[in-house]
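Student: Here is the model I would like to go through. Can we take the charged pairs and the surface in turn?

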Amino acid sequence: MKKKTLIGILIIALLTIIGFFVLMTNFEIFDQPFETELKAECDFQKTRKIKLTERDGNAVTNRSLHIYATYCNNIDDTISEPIFVVDAPFVNRNDVSFKWKSFDTLTIKYDKRLKVIEQKTESELINPRIVIKYTSK
């Protein structure tokens, strides 16, 4: 009787392990999120570029919107500074927008219901510096 119980437990454990691996490979639950560029715009002098992206979530993260500062001639985005990041279970592409106000000032508008993860008031890596003003809607 004990031998049959032990064999049954081992079979259940083996099937559970196999099922876990099948689930992980087919559904990519913890896979890296995919990032989509929504908008990119250079400043008036064509020196610095602001890029708005959407990053898909997975089983443990929400979708999020990211705004990066980089240079217009930076083709492969090797120099890219995150300046604004928000997320929420309900995040929509239109919840965040940006607009150049002058050579050194950028305005970012965002839905006030979003959870702000990162919010810089000035660029640190990109020169000349970008001053960032925020408006919640």
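Tutor: Buried means under 20% relative accessible area, exposed over 50%, and partly exposed in between. The model is predicted.

Student: Is Asp111 buried or exposed?

Tutor: The cut-off for buried is under 20% relative accessible area. Asp111 has a relative accessible area of 11%, so Asp111 is buried.

Student: Which residue forms a salt bridge with Asp111?

Tutor: A salt bridge needs a side-chain nitrogen of Lys or Arg within 4 Å of a carboxyl oxygen of Asp or Glu. Here the closest N and O atoms are 2.9 Å apart, and the partner of Asp111 is Arg113.

Student: Which parts does the salt bridge between Arg93 and Glu54 tie together?

Tutor: The closest N and O atoms of this pair are 3.0 Å apart. Glu54 is buried at 3% relative accessible area, whereas Arg93 is partly exposed at 43%. The two are 39 residues apart in sequence, so the pair ties the loop between β4 (80–87) and β5 (96–100) to strand β2.

Student: How far apart are the closest N and O atoms of Glu35 and Arg55?

Tutor: Glu35 is partly exposed, with a relative accessible area of 33%, and Arg55 is partly exposed at 27%. These two residues form a salt bridge, and their closest N and O atoms are apart by 3.3 Å.

Student: What is the area of the nonpolar surface patch that includes Ile7?

Tutor: Ile7 is in helix α1 (residues 2–27) and is partly exposed at 44% relative accessibility. Together with Ile11, Leu14, Leu15 and Ile18, Ile7 makes a nonpolar surface patch of about 480 Å².

Terms used: Residues numbered from 1 in each chain as written. Predicted model: local features only at pLDDT ≥ 70, side-chain atom pairs only at ≥ 80, totals over all residues. Heavy atoms only, no water. Patch = residues over 30% accessible without salt bridge, like charges linked within 9 Å, V, L, I, M, F, W, Y side chains within 5 Å. Areas by Shrake-Rupley, 256 points an atom, 1.4 Å probe, with all protein chains shown as cover. Helix = DSSP H or I, 4+ residues; strand = E, 2+ residues; numbered from the N terminus. Buried < 20%, exposed > 50% of the residue type's maximum accessible area, 1.4 Å probe, protein only.
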